Amino acid sequence: MAVARSTDHRDGAPEGVPRTTPRTTSGPRRGLVLGAGGSLGAAWTIGALCALQEATGWDPRTADVILGTSAGSLVGSMLGIGVSAADLRDHQRGVEPAGGPMRGVRVDYDTWVGGALPRMPRPGIGSLRLLRNLAGHPQRMPFTTVLAAAAPPGRGSLSGVRDLYRQLHLDDGWPPNPALRVVAVDLDTGMRVPFGTPGAPTTDLASAVTASCALPAWFEPVRIDGRRYVDGCAWSDTNLDLLAGEQLDEVYVLAPTCARETDHPRSVPARVERALRRISTNHLLREAGQVRETGVRVHVLVPGPEDLVAMGANLMAPQQRLTVLETSLRTTTAALARTPVCPS
């Protein structure tokens with residue numbers, strides 16, 4: 001795929017074209033953070049992005065930083081190569097875009113990550129090395145990172161995701177957009193790595209995104225430069241705090257695993273999911289506070305009760321994907337109408 005480039009960077013890139021050089025204007029610097037959430041989280045995020053652009057007139061592809069974790073890395077990487085939110089929405093609906101990078105790309109969103117349930121994991125422990133290093137001091141890292149180290153190795157494959165990047169010719173290289181960052185966790189050190197930043201291991205976009213999506217005990221870890229990486233949500237569902245030192249003016253956060261207000265499900269799995277969602281929300285609020293302390297305006301969009309009803313208990317259940325997408329378009333539009341978010 002040839003990514004269109006612009007020689008005029010007075011205001012970033014023109015609509016739909018990733019920047020290839022740092023911006024030179026003194027206007028507001030904006031960040032976009034897209035969080036984890038499985039197949040349904042990705043669908044919700046795409047709907048929310050469309051609603052955000054419609055309400056504000058701001059094209060998320062022009063963000064100065066696009067930080068993606070897990071499902072958010074999938075959506076963020078598409079924005080980073082110039083795919084519009086509308087094209088992502090249409091592609092989810094089965095409508096081929098008339099132009100742009102997604103034209104001619106074939107994805108079966110119902111099967112590309114293997115379905116709603118994982119295969120039986122392999123016997124064993126994810127990383128004895130990390131558990132030994134944390135012995136006696138597990139508080140040095142998030143509890144989710146400790147769980148990732150203790151979880152048995154997954155058997156699932158993300159070959160369907162990798163095939164998307166093969167079709168885009170991004171399975172052996174990184175796009176020229178300096179805004180794009182993809183977060184994964186080194187399984188043996190427990191440290192998170194934002195691929196695409198200076199100092200991070202050099203890799204291709206397909207490997208970085210599949211690593212960011214490699215949920216422990218579900219998918220096999222992804223090897224990059226001899227090291228094993230797993231889902232970035234093993235550290236945080238959004239990793240928003242990584243933007244605290246980016247000297248941004250404002251950040252938009254789309255977090256499909258969080259909620260300010262939940263529904264009241266009756267099933268035990270859904271109640272457990274909502275309890276985990278409250279934990280993720282508290283973590284997000286702490287991270288948002290850290291970023292706000294640096295003088296950055298942080299705008300947070302999360303699913304509402306209607307979205308949660310559509311999502312159910314399993315964010316990997318593909319049969320709910322289009323329902324979640326359409327619900328997100330409606331509910332996020334309504335939420336933005338109640339509390340306008342306008343780029344300054």
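Reader: Which hand does the crossing of H6 and H7 have, left-handed or right-handed?

Author: Look at the near helix: turned anticlockwise from the far one by less than a right angle, the crossing is left-handed, and clockwise makes it right-handed. Here, H6 and H7 cross in a right-handed way. Helices (H or I, at least four residues) and strands (E, at least two) are DSSP runs, numbered from the N terminus. Keep in mind that this is a predicted model, where local features need pLDDT of at least 70 and side-chain atom pairs count only at pLDDT 80 or more, while totals for chains, interfaces and linings use all residues. Residues are numbered from 1 along each chain as its sequence is written, and side-chain values use heavy atoms, with hydrogens and water left out.

Reader: At what angle do H6 and H7 cross?

Author: Two packed helices are described by the angle between their axes and the distance between the axes. For H6 (residues 159-167) and H7 (residues 205-213), the angle is roughly 155° and the axes come within 9 Å. H6 and H7 are therefore roughly antiparallel (over 145 degrees).

Reader: Which residues in H6 and H7 meet?

Author: Contact means heavy atoms within 4.5 Å. From H6 come Val161, Arg162 and Tyr165, and they meet Leu205, Ala206, Ser207, Val209 and Thr210 in H7. That contact has five nonpolar residues, two polar and one charged.

Reader: How do H1 and H2 pack?

Author: H1 (residues 38-56) and H2 (residues 71-80) have axes 8 Å apart, at an angle of about 40°. That makes H1 oblique to H2. Their crossing is right-handed. On the H1 side, Gly38, Ala42, Thr45, Ile46 and Leu49 meet Ala71, Val75 and Leu79 of H2. Six of the residues in this contact are nonpolar and two polar, with no charged ones.

Reader: Which residues does UniProt list for "active site"?

Author: The UniProt entry, which is unreviewed, lists Ser70 and Asp231; such annotations may be inferred rather than shown by experiment. They are spread over 162 residues of sequence, yet they cluster in space, with a largest C-alpha distance of 5.9 Å. Both Ser70 and Asp231 are in the lining of the largest pocket.

Reader: Where is Ser70 found?

Author: Find strand E2 (65-69) and then H2: Ser70 is in the loop between them.

Definitions and conventions
Axes fitted to C-alpha atoms, helices over the stretch in contact; angles between N-to-C directions. Parallel < 35°, antiparallel > 145°, perpendicular 65-115°, else oblique. Nonpolar A, V, L, I, M, F, W, Y, C, P; charged D, E, K, R; others polar. 1 Å grid on protein atoms, 1.4 Å probe; cavity = no way out; pocket = protein on both sides within 12 Å on 5 of 7 lines; lining within 4 Å.
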